[in-house]
Amino acid sequence: MNNGKGNNKRGASGKSNGGGKKPAFGKPGLKKEGFSKPKPDFDRKPKAPKAPKAKDSDDIRLNKYISNSGVCSRRDADIYIQSGNVKVNGEVVTEMGYKVKPGDVVNFDGTVITPERKEYLLLNKPKGFTTSKDEDMNSNNVLDLVRNATRAKLQAVGRMDKTTTGLLLFTNDSDMIRKFTAPNQRSSKVYQVSLDKNLKFEDLEKIASGLTIDNFRVFVEEVSYIDEQPKSEIGLKMKTSNVKVVRSIFEHLNYNVLKVDRVVFAGLTKKNLPRGNWRFLTDQEIINLKNI
């Protein structure tokens, strides 16, 4: 190995060839000992032309497909594949290096997955944007606010009309969307509600005790006046992500709701997130949501 030092080898006699007479093989007519004649050029075989590179394919290795879906690492995916827990088009695949083709259906441990990495994004929604284009054709859709954030096909978790503001979660994780929109979901949300007049204390107590609205019993976790604000500003904590339920509570008691602002969603807050801005969730926040 050459580590940057000079290569001054000695012959068998131990004497250096660095000085003395020059070797005789430089003189014409003498045999060059230890050196073979170079082969003529015509004896050399021409190099075979390089084969053209194959065009990029849309096929993707199965372990990478699984990893890209966000369910586990590529190394862990290999273990699941070898264990027979992965199916492609209904057939168990245990072959390492198997490639998934466009249109194939991959079932991982009982759940159909897609190669799209899971993304989680939090928006502080401003007025004038709705989650449904059916509500008002002249209103902008909330997806316009996060369209350039990622190539993933995001969906809003829950619905918000154009007058409601505050925290709105977006994701392409269908399991999380179902989790936080199910009627029996367990995450708490906090709303600040602005009314057209002060809320009577007896009505606040009615809300705290639970109301029956359209034959459905509606319960809240907490309700209170907001400190240093008029008594028309109410804080409401409940598990529903349906803003219509929040409005119906006060409308049932003959109050007009001027504004609803969701300030907490499943432990996520508006801290350092101005109105109209968005951010990706941290890894810890994602873990917290999945553990609720």
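These legends walk through several close-up views of one predicted protein model.

The model is predicted, so local features are described only at pLDDT of at least 70 and side-chain atom pairs only at pLDDT 80 or more, while totals for chains, interfaces and linings use all residues. Residues are numbered from 1 along each chain as its sequence is written, and side-chain values use heavy atoms, with hydrogens and water left out.

**View 1**
The protein chain holds seven helices and 19 strands. Helices (H or I, at least four residues) and strands (E, at least two) are DSSP runs, numbered from the N terminus. Of the 292 residues, 34% are buried; buried means under 20% relative accessible area, exposed over 50%, and partly exposed in between, using a 1.4 Å probe and protein chains only. Among contacts (heavy atoms within 4.5 Å) with a separation of 6 or more, 65% link residues 24 or more positions apart. The chain exposes about 20100 Å², and carbon and sulfur atoms supply 48% of that area. Accessible areas come from the Shrake-Rupley method with a 1.4 Å probe; for residues, only the protein chains shown count as cover.

**View 1. Strand E7 and its two partners.**
Find strand E7 at residues 120-125. Six of its six residues are buried, so E7 is largely enclosed by the rest of the structure. Tyr120, Leu122 and Asn124 point one way, while Leu121, Leu123 and Lys125 point the other way. This is a pattern to remember: in a regular strand the side chains alternate between the two faces of the sheet. E7 pairs with strand E11 (residues 165-171) in the antiparallel sense over six bridges, and three bridges join E7, also antiparallel, to strand E19 (residues 278-280). Two strands count as paired if DSSP finds at least two bridges between them. On the E19 side, Leu122 stands opposite Arg279.

Is Leu123 buried or exposed? Leu123 counts as buried, because its relative accessibility is 0%. Its bridge partner in E11 is Leu168. Leaving out residues up to four places away in sequence, Leu123 touches several others, including Leu145, Phe170, Leu273 and Trp278. Gly166 lies 43 residues away along the chain, yet the C-alpha atoms of Leu123 and Gly166 are separated by 7.6 Å.

**View 2. An open sheet of four strands.**
Follow the order E3-E2-E5-E6, where the pairing is antiparallel. Strand E3 (91-92) and strand E6 (111-113) are the edge strands, each pairing on one side only. Strand E2 (residues 86-88) and strand E5 (residues 106-108) run antiparallel and are joined by three bridges. Here Val88 stands opposite Val106 in E5.

**View 3. Helix H5 and its buried side.**
Which residues of helix H5 (residues 201-209) are buried? They are Asp203, Leu204 and Ile207. These residues cover an arc of only 105° around the axis, which puts them on the same side of H5; the arc is that of the directions from the helix axis to the C-beta atoms. Their cover includes strand E13 (211-213), strand E15 (222-225), strand E16 (233-238) and helix H6 (243-251).

Leu253 sits in the loop between H6 and strand E17 (257-265). At 14% relative accessibility, Leu253 counts as buried. Apart from neighbours within four places in sequence, Leu253 is in contact with Asp203, Lys206, Ile207 and Leu211. Leu253 and Leu199 are 54 residues apart in sequence and 9.5 Å apart in space, C-alpha to C-alpha.
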